[in-house]
Amino acid sequence: IEISDQGPGITQKALQTLFDNPQQHDRQNDRTGLSIARKYVEGMDGELFCKSKHGHGTTFMVQFDLVS
């Protein structure tokens, strides 16, 4: 699953801590949901990724292995 936008993108510095728990950095912000989302996805043996180029938008990807 991929979700993309054409917004301002995310800097490389911000990408490094994007999924961190904001409490680890002594601040609250809108990234709390990303930390929780990654935990849920990983709990279902999936992966949550983000790729972005500052000034060119962002894509979030969720990947799960197929089970037969």
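Trainee: Which residue is the bridge partner of I3 in β3?

Mentor: The partner of I3 in strand β3 is F60, where strands, like helices, are DSSP runs numbered from the N terminus (E, at least two residues, for strands; H or I, at least four, for helices). Two strands are taken as paired if DSSP finds at least two bridges between them, and here β1 (residues 2-5) is joined to β3 by four bridges, the two strands running antiparallel. Before going on, note that this is a predicted model, in which local features need pLDDT of at least 70 and side-chain atom pairs count only at pLDDT 80 or more, while totals for chains, interfaces and linings use all residues. Residues are numbered from 1 along each chain as its sequence is written, and side-chain values use heavy atoms, with hydrogens and water left out.

Trainee: How many bridges pair β2 with β3, and in which sense?

Mentor: Strand β2 (residues 46-52) pairs with β3 over seven bridges in the antiparallel sense, and S52 has T58 as its bridge partner in β3. Five residues lie between the strands of this hairpin, in which G55 takes a positive phi near 95 degrees. Read from the N terminus, the elements of the chain follow the order β-α-α-β-β.

Trainee: How should I read a pair of aromatic rings, and which residues form one here?

Mentor: Such a pair is described by the distance of the centres and the angle of the planes. The rule pairs rings of Phe, Tyr and Trp (its six-membered ring) if their centres lie within 6.5 Å, and planes under 30 degrees apart count as stacked, over 60 as edge-to-face and the rest as tilted. By this rule there is one aromatic pair, formed by F19 and F60, which is edge-to-face with 6.4 Å centre to centre and 90 degrees between the planes. Because F19 lies in the loop between α1 (12-15) and α2 while F60 lies in β3 (residues 58-64), the pair ties together parts that are 41 residues apart in sequence.

Trainee: Is F19 buried or exposed?

Mentor: F19 is buried, with a relative accessible area of 12%, whereas F60 is partly exposed at 25%; buried means under 20%, exposed over 50%, and partly exposed in between (1.4 Å probe, protein chains only).

Trainee: What sits over the ring of F19?

Mentor: The charged end of R38 does, 4.0 Å from the ring centre, the rule being that NZ of Lys or CZ of Arg is within 6 Å of the ring centre and within 35 degrees of the ring normal.

Trainee: With which residue does R38 form a salt bridge?

Mentor: In general, side chains of opposite charge can pair when their charged atoms come close. A salt bridge is counted for a side-chain nitrogen of Lys or Arg within 4 Å of a carboxyl oxygen of Asp or Glu, and the structure holds one. In that salt bridge R38 is joined to E42, with the closest N and O atoms 3.8 Å apart. R38 and E42 are four residues apart in helix α2, so about one helical turn separates them. R38 is partly exposed at 26% relative accessibility, and E42 is also partly exposed, at 44%.

Trainee: Where does Y40 lie, then?

Mentor: Y40 lies in helix α2 (residues 32-43) and is exposed, with a relative accessible area of 59%. I36 lies in helix α2 too, and counts as partly exposed at 42%.
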